[in-house]
Amino acid sequence: MTMKDDNSPRKGNGGETHQIADDTHETMTTQVGMPISDDQNALKVGQRGPHLIEDQIFREKLFHFDHERIPERVVHARGYGAHGTFELAEDLSDITRAKVLTEVGEKTEVFVRFSTVAGNKGSPDLARDVRGFAVKFYTKEGNWDLVGNNIPVFFIQDAMKFPDLIHAAKQEPDRGFPQAQTAHDNFWDFISLMPEAMHMALWIMSDRTIPRSFRFMEGFGVHTFRLVNAEGKSSFVKFHWKPRLGMQSVLWDEAVKINGADPDFHRRDLWDAIQKGDFPQWDLGLQVFDDAFAESFDFDVLDATKLIPEEILPVRRVGTLTLNRMVDNFFAETEQVAFQTGNVVPGIDHSNDPLLQGRNFSYLDTQLKRLGGPNFNHIPVNAPKCPFAHLQQDGHMAMRNPKGRANYEPNSFGEGPREDPDRGFTSYPAEEAGPKQRVRSDTFADHYSQARQFYLSQTDVEKGHIADAFVFELSKVEHLSIRQRMVGHLMVVDDDLARTVADGLGLAGMPSAANPARDVIKTDVSPALSIVANPPDSFAGRKLGLLVTDGIDGGAFEALKSAAESAGAQVTVIAEKVGGVTTARGKTIAADEKLDGAPSALFDAVAVLASDDGAARLARMHGARSFLGDAFAHMKFIALTAEAKSAFWSAAVPDEADDGVFVLDGVPEDFIAACKALRFWERAA
Ligand code: HDD
């Protein structure tokens, strides 16, 4: 950086500092490489005259800026991506010829983009919403895109209804709100008129739609796909992603607060974890089955509103996905990545699921609009990493065209690529016949049995959350008839749930129940569907918020911090001022966050280390009181010094401390051990 001399013609009128090229900085140029001498001032006549249109430098800069935006995705607009690898642990050549699933130990590069569905690009991360979990495998035989969600079923059965679903979910068209929320009339009007959405409605009102972070959620390919082996034998498969850290969600009250305190909570979480080398991992799981299983199963395996319970068909873990590198540039990679369900590789094939069949059209089509032309696979994040050769040419932004004279096949010049019947993709030759018709199969007609199963598979705490979520969302609905119609559906799902929601809404009486097309099957519960029943057995990957004051015992601080870090947790030190605090022995402890910028909703567990004076001071601060009060209300494990307990607790928390609250005395092993569990759920009772 060099200060220009006062007479410089490039100077702004305030004598600012300008950064000019030197040995360590390249010379700035135009797009076509012409060196730029002044990046501060446009070309004008005299000191105070008009701009000159010949100023190609200014024109190019503004022209490019004016065109920086591309259309955001019509759904899943807000997302966050990372690179990684998939390593196969088990040879699956008995069921597929796909190299990515048969070469044990092979590390296939992947790009993963997580997303919310309904919100616009700038919407908050903790919206109650389904999360997208899209994985692009750059295999040796081309790109395979597994474009899934964190929920194993979908709202609708036929892609024909997708535009209606999304119109109903997004902002209402006349008023342009609400943003990133389903708590409005249009959404519940549509859902209540679509009984097929009932199973998904239960899932979206559960804690699955407010995940703690991307690292703590499952992923699902949703549809039934086919695997085909080298002999041409086909099996059906459902794909799962199982997070190594276990599942975890936040509470709704936390979600609301997190959205205010840190709208980028999920992005930041993934960024922080990968940047510090704490690479998140998921196991790829398969549920593989044959025609006989499909025939005997209570529901149609081509119906995307149904799942196959793990207790009936266990998930076989066959390999591991590791995310280990953030993008170099968000736009170039995360924004421009183009997933397509149509991208499969030899050995993996589609089924006739009518939702999947429709998706295979939509994803290709949408990229044309979003990325502006047919050459979006020339963009590095979309390009395969294996050799490829074809005769497609030209079009907007073509980066690569076929070389040579013959751009057609067959040709007699010996040029260009040729098809390969052995290596090439062959569709499974399923025999299909029948009249052309617009119908929904009778086998898709049971809309309530799995909704019931999902609800009954939850713990009491989770059942309470589902009821609360329905009450919240439906209380934002203006039309009484829509609230009643939804409760009418819930009456078929579970009477207790329906009555709790009706009571929460203050309905004058129970409405008439919906009239199911099929009798509800009383299936067994599936414990695998609960988050709380399957907690992680580790504090790893989670965060301790450590509120400190002046005058604390530095040794106690170090002991707590290192115990949490040894358990794999991340510690954030919070103080009244970000400069930090001074211990009783005069040592400075720097803070990571100022108290007002770090409410306890951002952490999984909290601790308060305060001296007598510090505790008295915290008791007078609103931010400190809500830090502790919220942590208790959010059922977190809490540790605090005896001083904080006596001088601060009663100012912040109206209840007595319980067994989820630890008074620090020596090395805090019991507190750190307790934090392995998600929450102190007993407090909810
Ligand atoms: Fe979709 C994006 C997942 C049904 C049409 N979808 C999109 C993304 C995910 C999913 C994760 C974001 C990809 C990314 O990060 O770029 N979608 C699903 C799942 C579905 C599903 C799991 C049901 C099982 N989607 C679905 C249907 C249609 C679409 C039925 C239309 C017929 N989806 C699209 C789209 C998007 C998209 C319009 C918007 C941006 C994009 O594709 O690239 O084509």
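Which pocket does the space taken by the ligand form?

1. In this predicted model, the space that the ligand takes is the second largest pocket. The elements contributing two or more residues to the shell around the ligand are β3 (131-139), β4 (142-149) and α9 (354-371).

2. The ligand is surrounded by 23 residues, and the closest are Arg 73, Arg 113, Arg 359, Tyr 363 and Gln 367. By class, the residues of this shell comprise 11 nonpolar, 9 polar and 3 charged.

3. With 7 residues, α9 gives the most to the shell around the ligand. Tyr 363 belongs to this helix and is among the closest residues to the ligand.

4. For Arg 113, a side-chain N or O atom lies 2.6 Å from an oxygen atom of the ligand. For Arg 73, a polar side-chain atom is placed 2.7 Å from a ligand oxygen atom. For Ser 362, the distance between an N or O atom of the side chain and an oxygen atom of the ligand is 3.1 Å.

Conventions: Residues are numbered from 1 along each chain as its sequence is written. This is a predicted model: local features need pLDDT of at least 70, side-chain atom pairs count only at pLDDT 80 or more; totals for chains, interfaces and linings use all residues. Side-chain values use heavy atoms; hydrogens and water are left out. A residue is near a molecule or strand if one of its heavy atoms lies within 4 Å of it. A polar contact is a pair of N or O atoms within 3.5 Å; within protein, one must be able to donate a hydrogen and the other to accept it, and residues adjacent in sequence count only if both atoms are side-chain atoms. On a 1 Å grid over the protein atoms alone, a cavity is a set of points where a 1.4 Å probe fits but cannot get out, and a pocket is an open set with protein on both sides within 12 Å along at least five of seven lines; lining residues have an atom within 4 Å of a point. A molecule sits in a cavity or pocket if more than half of its atoms lie within 2 Å of its grid points. Helices (H or I, at least four residues) and strands (E, at least two) are DSSP runs, numbered from the N terminus. Ala, Val, Leu, Ile, Met, Phe, Trp, Tyr, Cys and Pro count as nonpolar, Asp, Glu, Lys and Arg as charged, and the others, Gly among them, as polar.
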